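Here is a short briefing on a model with more than one part to explore. Keep the structure in view as you read.

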Amino acid sequence: MAGRTLQRYLHSLTLAAPLATFRVAFGLLVLASVVRFWAKGWIAELYLQPKFFFSYYGFGWVRPLGPYTYALFAVCGLCALLVALGYWYRAAIAGLFLSFTYIELMDKSTYLNHYYFVSLVALLLMVLPAGRYFSLDARLNPARWRNEVPRWAVDALRLLMGIVYCYAGLAKLNSDWLVHAMPLRIWLPAKNDLPLIGPLLGQLWVAYAFSWFGALYDLTVPFFLLNRRTRPWAYVTVVVFHVLTAVLFPIGMFPYVMMVAALIFFPADWHERLLQRLRRLLRLAPATDQVPVPLVYGPATRQLLLLGLGAFFVVQLLLPFRYLLYPHELFWTEEGYRFSWRVMLMEKMGQVQFKVVDSQTKRAQLVNNYEHLSVLQEKMMSTQPDMMVQFAHYLRDYYARRGVHSPQVYADAYVSLNGRLGKSFIDPTVDLARITDDLRPKPWILPFDDEITGL
Amino acid sequence: MNKTLLLACALLLAVLGIISCGKDPNGGGTPGPDLAVDRKALLTQWADSLVKPGYQRFNDKLVALKAKTTAFTAAPTPATLVEARQAWQAAYVEWQKVELYEFGPAEQVSLRNHFNIYPADAAGINANITRVTYDFEVATAIPQQGFPALDYLLNGIASGDAAIAQQYASSAGHRRYLTDVVAKMEQTFGTVYSQWNGSYRDTFVGNTGTDASSSLSRVINAYSLYFERYLRAGKVGIPAGTMSGVPRPEKIEAYYIKGSLPLQLATTAHTTVQQFFNGRAGQPSLKSYLNALGAKDSRTNQPLADIINAQLGVSYLQLSSLGPDLYTTVTARNADAVASYNEMQKAVRMIKVDMTSALGITVTYVDNDGD
């Protein structure tokens, strides 16, 4: 019975319009992102000037390309534009996924959840039939034109959105967020000079209201967006919520990405009307003969696609819970923190002083981090143990080249988390030069000496 | 289906809330942030009661320095030399009370680079003295000007006041260089001073945000950088050898005069750092701002401002124990100097980490979705 329902669902069709609008909007947003990044001079600041880069585990070979890094961004922007136009779609979206992901993997100090989201969406779009409708490809080669696609192709994007929201909500179900209104009670008063809402932001109850509403919003908004009757109101809250976060926090393009991506929850005919309006605006020929031309996959292709999507979503559902494999407080150790939709959860700051010791002469010298790292890199490293190990290895090699005999590297780190007075973060007697950089629990992270309950 | 899920979520939230509220004895009773969190008032206080009056007092000393060095170059004798040196000392001490204001106009002209980067480059200074022209704006000229250069010119150029005065009497190059160094200081500081007395004061007070370009963020950045790099490391750490492993007494501030002045400069700087934190009684300050935010150690409920003040007190005591002569102390009692560095380091961390975090200010311009 359930099997037959599933089969019927997997064979049902929907209009191709939602995929087409999503493709156009996504392409344009990524293009805007690239242009903004370039215009702010961040390519040079983040990828050309630093002498050292924090690579991801297993991706040490992904490095900035020197001056060619600009070309990489240009390729990424060009692919994004082609995706929006639907021209050479498969190649363009593959190029977008590869170039964008490569950029993100170059240095983990620039990690942002919405960059990860963009990579995932690009990966999904590589296999979804988003280039068959309202695209240059279909216009130039009408044989490829399809106005109906399998329903699961649209639902895959909705499911990814749902996971992002729900997991972001689950991550807020902890005592710091709900009971202490941390970190919003620190961040909101810092914005009390804003017009209109400013005076409110200094009030403690507002921090609590924001915390609880934020958690409730993240957990429920996908369901309200799915429901026909609640959808318009839900979308209004999407806009209000994300505009508010854009005003309050320096999170760049994230609010806009989410506002636009959430449109995928609107019904297919809404998207069709939107495209009609767009055609008129662009003076394109209106689509008149809307005879259904469904996209039908061969059984093997279809099987492969569905299996692939299934595997993708299983990974997505499990990956954020990998922190359970580590023994200590997630917010403190950050073991398993990234790639889990944990957004704006911590006010965490630190300072770390590295000491390099010559193992023969025992002579010790202290390191000025700023001589090696950018402001952003130093800020990110000072609260994240895996980055400290990477930097220690860099220092080991750097000082070895300058004549220090098998250098030992020690770090004295001090970290404060969500309003707790800072404390020693890692064991200052552990020689980080000899610690391997891997995914195992790090026993040299000192205890948190407090408890954050919840998920 | 949807309703059930919603209900489940709402219930879950409510239950979690109730459970955790029960465990938290002071969750409801804490006095929250209030209207005293007023950055405009704080910035106004800093501008009108600290920076501008501080710069005015320093300007007076700089004017006196110029008068005395002019008198000395006009008639180089041991007596005029002693007067010039006294004016230099007075100005150097006063400088310690304004060096931390390296934001806004001072940051723009790199005031510190023109005033107090040491050790002085004696060889470079000597070379300049024989040259016809030199440019104080190039990077290599940084340690050839300002107070450290004057230290060398007034104390280190020969041994004994008579010999020094004689050197100036006999060499036009020396007289000219001394005059030029003081003139450059007067000119550089003049642009900063006049901007604060002009439109910059309102720009500063009006930029009340907390992003990376806001006045508060710039001030805190300058303040903690000064404490960490120029007081902790520059005045004590580097001479004591904490950075390099070997004591380097020749790297102390006011090296050529030695005696009690180097420590006096350091303690004056430290006092300035603590006074900047506390402000005047009843007036807005970092302390009152942190207290208004309700910033405290959530483990012990101790106010953060008190914790910082206690550490600054300990750190000051340790620093002032390094007398009477910092130059000999960094080698003879190196452990004490290192201990002083360590106590300052503890205070630096509280200011750089705990205070900055509590203030909610941003330190980089790059996007960040929550650490």
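**Briefing: helices, a sheet and a contact between chains**

Residues 156-173 of chain A are 89% helix and 0% strand, and the end C-alpha atoms of this span lie 26 Å apart. The model is predicted.

**What the UniProt record lists**

- The unreviewed UniProt entry gives "transmembrane region" for several stretches of chain A, including residues 115-135 and 156-173.
- Residues 115-135 of chain A are 62% helix and 0% strand. Their end C-alpha atoms are 25 Å apart.
- UniProt, in an unreviewed entry, also lists "domain: HTTM-like" for residues 11-270 of chain A.
- That span, residues 11-270 of chain A, is 65% helix and 2% strand. Its end C-alpha atoms lie 22 Å apart.
- For chain B, an unreviewed UniProt entry lists "domain: Imelysin-like" at residues 53-309.
- Residues 53-309 of chain B are 66% helix and 0% strand, with end C-alpha atoms 24 Å apart.

**Helix 8 against helix 12 in chain A**

- Two packed helices are described by the angle between their axes and the distance between the axes.
- Helix 8 of chain A spans residues 151-171. Its axis and that of helix 12 of chain A come within 7 Å and cross at roughly 155°.
- An angle over 145 degrees counts as roughly antiparallel, so helix 8 and helix 12 of chain A are roughly antiparallel to each other.
- The crossing of helix 8 of chain A with helix 12 of chain A is left-handed.
- Helix 8 of chain A brings M161(A), G162(A), Y165(A), C166(A), A168(A) and G169(A) to the contact. Helix 12 of chain A brings A215(A), D218(A), L219(A), V221(A) and P222(A).
- By class, the residues of this contact between helix 8 and helix 12 of chain A are eight nonpolar, two polar and one charged.

**Helix 5 against helix 6 in chain A**

- Helix 5 of chain A covers residues 89-105. It packs with helix 6 of chain A at an angle of about 155°, and the axes are 9 Å apart.
- Helix 5 of chain A is therefore roughly antiparallel to helix 6 of chain A.
- Helix 5 and helix 6 of chain A make a left-handed crossing.
- On the helix 5 side of chain A, the contact residues are I93(A), A94(A), L96(A), F97(A), F100(A), T101(A) and E104(A).
- On the helix 6 side of chain A, they are Y115(A), V118(A), S119(A), A122(A), L123(A), L125(A) and M126(A).
- The contact of helix 5 with helix 6 of chain A has 11 nonpolar, two polar and one charged residue.

**The sheet of chain A**

- Strands of a sheet pair through backbone hydrogen bonds, either parallel or antiparallel.
- Chain A has an open sheet of four strands in the order 4-3-5-6, with antiparallel pairing.
- Which strands form the edges? Strand 4 and strand 6 of chain A do, as each pairs on one side only.
- Strand 5 and strand 6 of chain A pair in the antiparallel sense over two bridges. In one bridge, V415(A) has K423(A) of strand 6 as its partner.
- Helix 19 of chain A, residues 385-401, packs on the sheet. It touches strand 3 and strand 5 of chain A, and its direction makes about 150° with that of strand 5.
- A helix from the other chain is here too: helix 16 of chain B, residues 334-359, lies across strand 3 and strand 5 of chain A. It runs at about 155° to strand 3 of chain A.

**Where the chains meet**

- Most residues other than glycine have a negative phi, and most peptide bonds are trans.
- F134(A) is not a glycine, yet has a positive phi of about 50°. F134(A) sits in the loop between helix 6 and helix 7 of chain A.
- M182(A) and P183(A) are joined by a cis peptide bond, with omega about 5°. P183(A) lies in the loop between helix 9 and helix 10 of chain A.
- Y118(B) and P119(B) are also joined by a cis peptide bond, with omega about 0°. P119(B) lies in the loop between helix 5 and helix 6 of chain B.

Technical notes
Residues numbered from 1 in each chain as written. Chains lettered and ligands numbered in written order. Predicted model: local features only at pLDDT ≥ 70, side-chain atom pairs only at ≥ 80, totals over all residues. UniProt positions renumbered as here; feature names shortened; annotations may be inferred. Axes fitted to C-alpha atoms, helices over the stretch in contact; angles between N-to-C directions. Parallel < 35°, antiparallel > 145°, perpendicular 65-115°, else oblique. Left-handed = near helix turned anticlockwise from the far one by under 90°. Contact = placed C-beta atoms within 7 Å. Nonpolar A, V, L, I, M, F, W, Y, C, P; charged D, E, K, R; others polar. Pairing = 2+ DSSP bridges.
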